[in-house]
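Student: I've just opened this one up and could use a guided tour. Can we go through it together?

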Amino acid sequence: MSPAAARRSAAPQLAAAALVLIGLVAVPWLFSTFQTITVCYGLVFAIAALGYNLLLGYTGLLSFGHSAYFGMGAYTVALLVKYMEWTSMEAFVVAGVLGAGAVAALFGIVCVRYTRIFFGILTLALSQVLWSLALKLFWVTGGTDGLRVPTPKLFFSLLTPAEDKLEFLAYRYYYYVLILFVAATAVMWLIVHSPFGKALQAIRDNETRAEFVGVQVRRYRWVAFVVSGAFTGLAGALWVPLNGLTTPDIVYWPFSGRIVFFVVLGGFRTFWGPIVGAMAYNYLETYAVGYTVYWQLVLGIVFVLIVLTLPQGLAGTAEGLLRRMRRPAPAT
Amino acid sequence: MTLLATRGLSKTFGALRAVDNVDFTVRPGEFLALIGSNGAGKTTLVNLISGLFRPDAGRIEFEGRDVTQQSVNERIRTGIARSFQLVNLFDQMSVFDNVALTVFARERKTRSLFALADRDAAVADEAAAILAQFGLATRARMVAGGLSQGERKLLDVAVAYALRPRLLFLDEPTSGVSTREKAPIMDVVTSVVRSQGITAVVIEHDMDVVFTYSDRIVAMHQGAILADGTPDEIRRNDQVTSTLIGTVAPA
């Protein structure tokens with residue numbers, strides 16, 4: 001595709017993204033504090049889902065252990081608060097990304113040697129090592145009580161926490177998360193459309209041939225693993241001030257399953273799918289929990305229905321419909 | 001003068017000696033056909049030379065340099081590329097991206113995480129030119145998995161060609177396509193390869209293709225080299241005709 005054609009084909013997507021962004025900017029002014037904070041959680045989960053999909057959608061690796069990197073991001077922040085008494089969100093973000101990236105780099109060395117179920121089980125097993133540490137090293141991690149994280153200072157302390165915590169989360173912190181969400185989305189867009197991103201897709205499609213065109217398969221998988229872990233770590237770091245508390249639950253394997261759910265719900269074959277899936281899941285869970293004690297049953301049924309009826313996920317199905325509508329009718 | 005030479009190359013799978021003490025040479029600029037019945041060891045020999053398998057014994061020299069221990073990637077950088085018997089493409093990527101990715105990899109640009117691939121005009125131009133050479137320009141935006149078998153065979157060769165190899169192995173470039181499609185595919189492949197001065201080794205079962213397009217023929221049987229000569233010499237070789245070719249019309 002020529003550069004000009006590439007620009008033309010990306011234009012409608014970017015226009016739609018700009019419209020959605022305007023909508024997201026308006027959320028705190030149009031909706032209640034509760035709704036805004038719910039969207040804020042959705043944005044945080046969307047960053048994790050974007051990171052996760054670099055592995056699943058673009059590299060063809062199904063991880064069951066991304067709770068490790070989300071948890072690492074969150075616990076890095078909580079431990080910096082506990083031991084260093086840091087308060088700067090910028091420092092938390094950098095530390096969370098680096099902490100999760102470092103663990104992903106280490107775990108990745110082992111995991112990327114394998115594919116398919118072996119890869120999945122290894123990621124799961126390694127994440128559970130971190131979970132057991134979060135649970136059992138209670139004098140450091142607080143065990144099941146977890147660690148509290150107060151509202152941080154934003155933008156190099158230019159913005160200090162407001163009196164009202166909910167007010168802070170629904171305005172200042174919401175916009176802070178939105179800025180990082182936009183930045184993370186832009187960076188991920190760049191990565192998946194870069195020559196490196198093309199190499200990952202080649203590995204996903206045909207590992208042997210990728211090697212025979214000169215792609216260093218294992219090394220590229222490892223880089224993808226680290227980037228994926230770092231994005232998920234960023235999400236963990238942003239999540240913890242929003243939640244105010246981190247507990248071992250977010251390192252436990254069901255949380256990894258939740259990240260898989262985001263991506264499958266939205267569709268892992270499209271760039272926007274994980275974002276749509278994370279936002280949709282967040283709403284679904286919030287309301288299912290509010291309406292019934294059997295909320296897991298509701299989520300389970302939705303998951304099964306999505307897999308059976310919309311295997312392309314919400315965004316994938318929508319994209320397919322749009323493409324079909326745009327395609328001219330065949331000549332008769 | 002040889003471009004590639006194997007010395008005592010052997011590979012066994014269990015009790016089967018797939019490649020048995022083979023001394024195989026390729027001269028610069030030739031279009032060589034490797035023939036033999038199924039199981040003769042042709043593909044295994046190519047797998048050993050291209051680095052897919054490690055030999056049990058023997059050595060492989062490219063321009064006099066021992067490449068036996070080199071990885072696949074190192075061999076590609078040395079100038080050895082290959083296509084595959086069963087088409088091996090990136091099926092979910094576009095036809096264009098199959099070639100463009102290869103150019104990116106060759107130029108070591110796949111290390112770049114923060115640049116838009118589609119904005120690289122030099123790579124785009126080269127990929128488009130390669131697709132045009134192989135007659136696939138009109139298919140550029142199609143998904144590779146949607147091509148016909150003949151087109152997939154051509155794209156498989158185009159991907160290997162995009163590495164700008166000096167020695168190109170073509171593993172049955174016309175297998176699985178109709179008789180009518182074979183000559184057009186071979187015409188395109190040989191014209192591109194010869195115009196660029198690339199040395200090529202083609203594994204082929206179709207004797208019409210073999211005798212029409214090759215400068216030299218190496219016949220294999222049960223893991224060993226049975227005969228080596230020009231098409232005329234091979235035609236006159238009784239051992240080859242009785243073992244491999246059967247009744248072949250005289251030239």
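Predicted model: local features only at pLDDT ≥ 70, side-chain atom pairs only at ≥ 80, totals over all residues.

Tutor: Residues are numbered from 1 along each chain as its sequence is written, while chains are lettered from A and ligands numbered from 1 in the order in which they are written.

Student: How many helices and strands does chain A have?

Tutor: Helices (H or I, at least four residues) and strands (E, at least two) are DSSP runs, numbered from the N terminus. Going by that, chain A comes out with 14 helices and two strands.

Student: Why is chain A called as compact as a globular protein of its length?

Tutor: We take the radius of gyration over C-alpha atoms and hold it against the globule rule, 2.2 Å times the number of residues to the power 0.38. For 332 residues the rule gives 20 Å, and chain A is close to that, so it counts as that compact, with a radius of gyration of 20 Å.

Student: What share of chain A is buried?

Tutor: A residue is buried if 20 or more other C-beta atoms, placed from the backbone, lie within 10 Å of its own. Of the 332 residues in chain A, the buried share is 48%.

Student: Which way do α11(A) and α14(A) run relative to each other?

Tutor: Axes are lines fitted to C-alpha atoms, for helices over the stretch in contact, and angles run from 0 to 180 degrees between N-to-C directions. The axes of α11 (residues 253-266) and α14 (residues 313-326) of chain A come within 3 Å and cross at roughly 15°. Angles under 35 degrees count as roughly parallel, and α11(A) and α14(A) are therefore roughly parallel.

Student: Which residues of α14(A) does α11(A) meet?

Tutor: Two residues are in contact if their C-beta atoms, placed from the backbone, lie within 7 Å. From α11(A) come V264(A), L265(A) and G266(A), and on α14(A) they meet G313(A), L314(A) and A315(A).

Student: Which helix gives the most to the side of chain B that touches chain A?

Tutor: The contact takes 32 residues from chain B and 24 from chain A. On chain B's side, α2 (72-78), α3 (95-106) and α4 (121-133) each supply at least two residues. With seven residues, the one giving the most is α3(B).

Conventions
Buried ≥ 20, exposed ≤ 12 C-beta atoms within 10 Å, placed from the backbone. Parallel < 35°, antiparallel > 145°, perpendicular 65-115°, else oblique.
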